[in-house]
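The following questions and answers examine a protein structure by way of its sequence and its atoms.

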Amino acid sequence: MLRLCHGLTSPSVKMLTDSALSRCPWFVSMRSKFSKPKVSMEVIARRSEEHEKYGGDPDQPHKLHLVTRVKSVKRRPYWEKEMISDLGLHKAHVPVIHKNILSVNLRLKTVKHLVRIQPLKTPYGLPSEQDIADTYINSKGELIVRRLLLPVEPKAIDS
């Protein structure tokens, strides 16, 4: 092998590669293969429309995720099972709230095919500390505050 490579000098190798490459119509240089964007502009435009479809704003992302496990972890690799248990998704179809931060998002990325991720919407604003006990999450992913009415003090009637 060494003698075969030793017999080829640099001009002969250059001439061999130039003539061989000119005859191969299927040849694509590696530089052009890796310098082109892999995602087309049409896909990027569709993704920006998805922000509008799902109510997301890329400039101001939501603060909390509502994560629900929708698929079983049976017959899945051990790292996915561990990630599901670390996220607290032991039971299926039971929502869990997580912060929208990088460390949580990286965990969710590994199990995104097993979970449904929705933004936690607060149509009535964030609850105060007194109202935390009277909140619930409905099926649309909204945090609803059940406000209790305080009794009205009776006024004296002048007669």
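Helices, at least four residues long, and strands, at least two, are DSSP runs numbered from the N terminus. The model discussed here is predicted.

Q: Which residue follows H5, and what is its phi?
A: Helix H5 comprises residues 78-86. The residue named after this helix has a positive phi, near 80 degrees. That residue is Gly 88.

Q: In what order do the elements of the protein run from the N terminus on?
A: The protein has six helices and five strands. Read from the N terminus on, their order is α-α-α-α-β-α-β-α-β-β-β.

Q: What percentage of the residues in the protein is buried?
A: A residue counts as buried when its relative accessible area is under 20%. The protein has 159 residues, and the buried share of them is 15%.

Q: Which residues of helix H5 are buried, and why do they lie on the same side?
A: An α-helix has 3.6 residues a turn, so residues three or four places apart point the same way. In H5, the buried residues are Glu 80, Met 83 and Ile 84. They lie on the same side of H5 because they cover an arc of only 100 degrees around the axis.

Q: Which residues are exposed on the other side of H5?
A: The buried residues of H5 have a cover that includes strand S1 (64-69), helix H6 (102-110) and strand S3 (115-119). On the other side of the helix, the exposed residues are Tyr 78 and Asp 86.

Q: Is Glu 80 buried or exposed?
A: Glu 80 lies in helix H5. Beyond four places in sequence, Glu 80 is in contact with Thr 110, Val 111, His 113 and Leu 114. Its relative accessibility is 7%, so Glu 80 counts as buried.

Q: Which side chain meets that of Glu 80 in a salt bridge?
A: The count of salt bridges comes to one. Its N to O distance is 2.8 Å. The side chain in question is that of Arg 76.

Q: What is the relative accessibility of Trp 79?
A: Tyr 78, its partner in the ring pair, is exposed with a relative accessible area of 57%. Trp 79 counts as partly exposed, and its relative accessibility is 49%.

Q: Which residues are in contact with Lys 99, leaving aside its neighbours within four places in sequence?
A: Lys 99 lies in strand S2 (residues 96-99) and is exposed, with a relative accessible area of 56%. Lys 99 and His 62 are 37 residues apart in sequence, while their C-alpha atoms are 9.2 Å apart in space. The contacts of Lys 99 beyond four places are Lys 63, Leu 64, His 65 and Val 104.

Q: Where is Arg 75 placed?
A: Arg 75 has a positive phi, near 60 degrees, although it is a residue other than glycine. At 84% relative accessibility, Arg 75 counts as exposed. Its place is in the loop between S1 and H5.

Q: Where is His 93 placed?
A: His 93 is not a glycine, yet its phi is positive, about 60 degrees. His 93 is exposed, with a relative accessible area of 57%. Its place is in the loop between H5 and S2.

Definitions and conventions: Residues numbered from 1 in each chain as written. Predicted model: local features only at pLDDT ≥ 70, side-chain atom pairs only at ≥ 80, totals over all residues. Heavy atoms only, no water. Buried < 20%, exposed > 50% of the residue type's maximum accessible area, 1.4 Å probe, protein only. Arc of directions from axis to C-beta. Contact = heavy atoms within 4.5 Å. Salt bridge = Lys/Arg side-chain N within 4 Å of Asp/Glu carboxyl O. Phe/Tyr/Trp six-rings, centres within 6.5 Å; stacked < 30°, edge-to-face > 60°.
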